[in-house]
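Open your viewer and get the selection tool ready. We'll go stop by stop, picking something out and looking at what is there.

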Amino acid sequence: MSLRSTEFENSASAKIIVALDYPDLSQALTVVRKLKSDVGCFKVGMELLNSAGLPQVIEAIKAEGVAVFADIKAKDIPNTVAGAVAAAARAGADIINVHATGGVEMMKRANCAAKAVNPDAAVIAVTILTSLSDADVAEIGYLDSAEMCVYRLANLAKKAGLDGIVCSPQELLQVRAIMGEESLIITPGIRPAWSEKNDQKRFTTPAEAIVKGTSMMVIGRPITAHENPAEAVALISKEIDDALKLPREKFVPKSKLDYVIDKLFEYGLVKFGKFTLKSGAISPVYMDVRNVVNYHDLHDTVVDLYEELVVNNNQQSQVKHIAGIPFGALYIARDLQKRLGKGIVTVRPEKKEHGTKGQLIGVYSEGDTVLVIEDVATTGGSTLEAVEKLRAEGLKVSDAIVLIDRQESAEKNLLAAGIHLHSVVNLTQIISRLSIAGKITPLQKAQVEVFMRGENWEETAL
């Protein structure tokens, strides 16, 4: 069966990849023959490949009319990995994986080598093994959590043009947003609720994996160690089938932007109710985004989107410094500055009255161009105040990027001062996404829309 066939892609059982964790090819083939009419793909890993030989294993299993995932986890210099991946593709493997930690060039070479042999072969990247906890990755020497490492490696795999990645179910939402709807995302660490515990530390159920956006899931012992493997597959397929009927848009973000909106709401950084704003206005929605930095998954994606705005607006070559407005945008500005390789200028909330008595912190020259970073824009007052201080020091400012534009008067006020406002997301997009996802009520959405028109939202009724 072709991995790309409509029949394969649209059936619940096609989401299941059975792990053939055996040292003997005859044992593996016995399982394949029992289950080949129930699932469409089987994973062969290093134990079996090293015991029986890669070509022999893949060719024998392919002869049974099923798809094969060659779990070779290749990582070496680019030329060596390209040769290893080509060998797997030549033997007939439908899916082949490499380690993302091998780098972008290695992944690119592997992908080209596989496609030269078989254009339909999918090359995917392993991120962080599901057996590793945060403590484990820290012991290895990673500065970030396992979750954050997965996101960084997913971005590298996308940059390399791979077909997808392998990640744990816990990172699925963000990884799907990073990789896109068409990417092949395979999740090990799947354990039905009725199965016994295993050695994976980041796991979830088949249904949860489906609603979070998995393409396929690897399941081993819950099926192969079951007294009736076919019955286990049937139970899992039923769970998957039920989950596939759920409206995915309520669970799965289709983009990084959707992911950011979902997380802002989930973490309570966008709230609905009755709030008094700094301007004195009474609002049905409040953005408390200063705490984005405390949620590493969200913060990293927010910085991604700021970076994309800079690149898409052709500002990267023009800007010499990044200036974050205290205090909510300082951490965003710091990380954006490091990614873009720019200087950083910090605008003091109050002028320093001792020492050099400067308004700014940083190393800069008169005439340098500065990009201003803000978290929320309402009237644009804090941004204008920062711009005045920057210009007073001889710096050029023509653009500002904000995480959330409340769509009140900020854009107009900033433009009057010669500042073009760019936003990662605006209030209309936020309420639209949250409404589609079923996270806010129709009344809450209507109240915000009325408020945005400058009308009395508290009298709104459906």
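**First stop: strand β16**

Select β16: 5 of its 7 residues are buried, so this strand is largely enclosed by the rest of the structure. "Buried" means under 20% relative accessible area, "exposed" means over 50%, and "partly exposed" is in between (1.4 Å probe, protein chains only). Helices (H or I, at least four residues) and strands (E, at least two) are DSSP runs, numbered from the N terminus.

A word on what you have loaded: this is a predicted model, where local features need pLDDT of at least 70 and side-chain atom pairs count only at pLDDT 80 or more, while totals for chains, interfaces and linings use all residues. Residues are numbered from 1 along each chain as its sequence is written, and side-chain values use heavy atoms, with hydrogens and water left out.

β15 and β16 pair in the parallel sense over 6 bridges; two strands pair if DSSP finds at least two bridges between them. Next, follow the chain from β15 through α17 to β16, a right-handed β-α-β crossover. Right-handed here means that, with the strands pointing away from you, the path from the first strand over the helix to the second runs clockwise.

**Second stop: the whole sheet**

Which strands make up the open sheet, and in what order? Select β13-β12-β11-β14-β15-β16, which is the order of its 6 strands, with mixed pairing. At the edges stand β13 and β16 (420–426), each with a single partner strand, so one side of each has no neighbour in the sheet.

Walk across it pair by pair:

- β14 and β15 (residues 396–405) are parallel, with 8 bridges. V370 faces V397 of β15.
- β11 (residues 321–324) and β12 (residues 343–347) are also a parallel pair, with 4 bridges. Select I322 and you can find its bridge partner, I344, in β12.
- β12 and β13 (residues 360–361) run antiparallel and are joined by 2 bridges. Here T346 is opposite I361 in β13.

While you are there, show helix α15 (residues 330–340). Together with β11 and β12, α15 makes a right-handed β-α-β unit.

Most residues other than glycine have a negative phi, and most peptide bonds are trans. Where does the backbone go another way?

Start with the peptide bond from P326 to F327, which is cis, with omega near -5°. F327 sits in the loop between β11 and α15.

Then jump to Q407, a residue other than glycine with a positive phi, near 60°. You will find Q407 in the loop between β15 and α17 (410–416). Its relative accessible area is 30%, so Q407 counts as partly exposed.

Finally, select K73, where phi is near 45°, again positive in a residue other than glycine. K73 lies in strand β3 (residues 67–74). At 24% relative accessibility, K73 is partly exposed.

Turn to the largest pocket, which holds about 870 Å³ of space. A pocket is an open set of points on a 1 Å grid over the protein atoms alone, where a 1.4 Å probe fits and there is protein on both sides within 12 Å along at least five of seven lines; lining residues have an atom within 4 Å of a point. Grid points are joined across faces, edges and corners, and the volume is the space filled by probe spheres set on the points.

Select K278, E374, D375, V376 and S382: of the 29 lining residues, these are the closest to the pocket's centre. The elements giving two or more residues to the lining are β10 (282–287), β14 (369–377) and α16 (381–392). The largest share, 5 residues, comes from α16.

Colour the lining by residue type and you get 12 nonpolar, 8 polar and 9 charged. Ala, Val, Leu, Ile, Met, Phe, Trp, Tyr, Cys and Pro count as nonpolar, Asp, Glu, Lys and Arg as charged, and the others, Gly among them, as polar.

**Last stop: zoom out**

Buried residues make up 52% of its 462 residues.
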